Amino acid sequence: MIELQRTRYLSQIEPFIHDGGIIKVLTGMIGCGKSTILHQIMISLQSKPDASVAYLELEDDVYRDISTADQLRKAIEECFKDNDGKRYLFIDEIQNVEGFEKVVETYRMKDVSVFIAGSNSDLLSDKISTKLTGRYIEFRIMPFSFSEVEEYRKLNGIPTDISSDFNDYLIYGGLPKRFDYPTAAQEKYVLAALNRIKKKDMMARSGIKNETLLDVLISLLTSVPGQKISYDSITEFLKKNGLKVKRDTVKKYLDLIFSSNIASNCRRYDVMGKKTLKTVYKSYLTDLALHTFTSGKKDRLDYGMLIENVVYNELVSRGYT
């Protein structure tokens, strides 16, 4: 399959590509295409004769053992060894390294154009916002929008029909990798991705133990995209269904789910009072396949609910927050 150029995101990042004073941070759920965008930026630099590019994929076998700032710094220096010219540094899955923010700040101060990517938004934003306030820009990467799906189909000679393609999009979503598999295998791919996110981005990094509660909350969010929820209402719902948990525990687990980027919490805004209402919000899924394959509603689509979710994701992909 021919790779789709993610022009919407590339155009947002392009003004900052050569700016060594700003760290470019790409976040998004596992499988949304962050690594692909990093590679597309690197390819664009090939036409720049004085560009010196270093790329570290920290989940690759070569770099998997890197876990400290010193190890990361040594690996970067090895990549830049004997290279002159303007330096560009790309690090994927950087949240695996303790103290990475000190390293990237060191290279930023040396006018190296730094790009970092990771799937856990909280782990990245907390560390970066504390150490690098005003020195980074975050780009949230989403799975394919519907327009990108149609563009991808045309690029690869796949027949298109807007009506049936949109229905397919509502069911199977827009994770780029899913197009590599036949329809029958796409459900297994999506559920495997969700399980990986749960184990890697939620449980392993947070140390939480109650997997049952986590599964219940994930199921609650994926079953009804766009629903109005609050920590209090969910706590009460769980108690009525035999799960006695504290509100703070519910908040901790929900925040963990949102930080993995499989869903977004959209705060309500009081137009009259011109302020954000913090107690109630709506939850939207990053990819609708998470709904159809976890809820079992593939053959019973609620179009109003799903289209509202599509509109929200479209706005996020265009840079609205």
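Biologist: Quick one to start: what does Leu26 stand opposite in β4?

Modeller: Leu26 stands opposite Ala117 there. Before we go on, this is a predicted model, where local features need pLDDT of at least 70 and side-chain atom pairs count only at pLDDT 80 or more, while totals for chains, interfaces and linings use all residues. Residues are numbered from 1 along each chain as its sequence is written, and side-chain values use heavy atoms, with hydrogens and water left out.

Biologist: OK. How many bridges join β1 to β4, and which way do they run?

Modeller: There are 4 bridges between β1 (residues 23-27) and β4, and the two run parallel. Two strands count as paired if DSSP finds at least two bridges between them. Strands themselves are DSSP runs of E, at least two residues, and helices are runs of H or I, at least four residues, each numbered from the N terminus.

Biologist: And how many bridges join β3 to β4?

Modeller: β3 (residues 86-92) is joined to β4 by 5 bridges, also running parallel. Phe90 has Phe115 as its bridge partner in β4. Between β3 and β4 the chain passes through helix α4 (residues 100-109), a right-handed β-α-β crossover. Right-handed means that, with the strands pointing away from the viewer, the path from the first strand over the helix to the second runs clockwise.

Biologist: Is β4 enclosed or open, and why?

Modeller: β4 (residues 113-118) is largely enclosed by the rest of the structure, because 6 of its 6 residues are buried. Buried means under 20% relative accessible area, exposed over 50%, and partly exposed in between, using a 1.4 Å probe and protein chains only.

Biologist: Which residues are on each side of β4?

Modeller: Ser113, Phe115 and Ala117 are on one side, with Val114, Ile116 and Gly118 on the other, and both faces are covered. In a regular strand, side chains alternate between the two faces of the sheet.

Biologist: Switching topic: is Arg153 buried or exposed?

Modeller: Arg153 counts as buried, because its relative accessibility is 10%. Arg153 sits in helix α6 (residues 146-155).

Biologist: What is Arg153 in contact with?

Modeller: Apart from neighbours within four places in sequence, Arg153 contacts Ile158, Pro159, Thr160, Asp165, Asp168 and Phe179. Contact means heavy atoms within 4.5 Å.

Biologist: Zooming out, how many helices and strands are there?

Modeller: The chain has 13 helices and 8 strands. Buried residues make up 49% of its 321 residues.

Biologist: What does the C-alpha trace span?

Modeller: About 65 × 50 × 45 Å along its principal axes.
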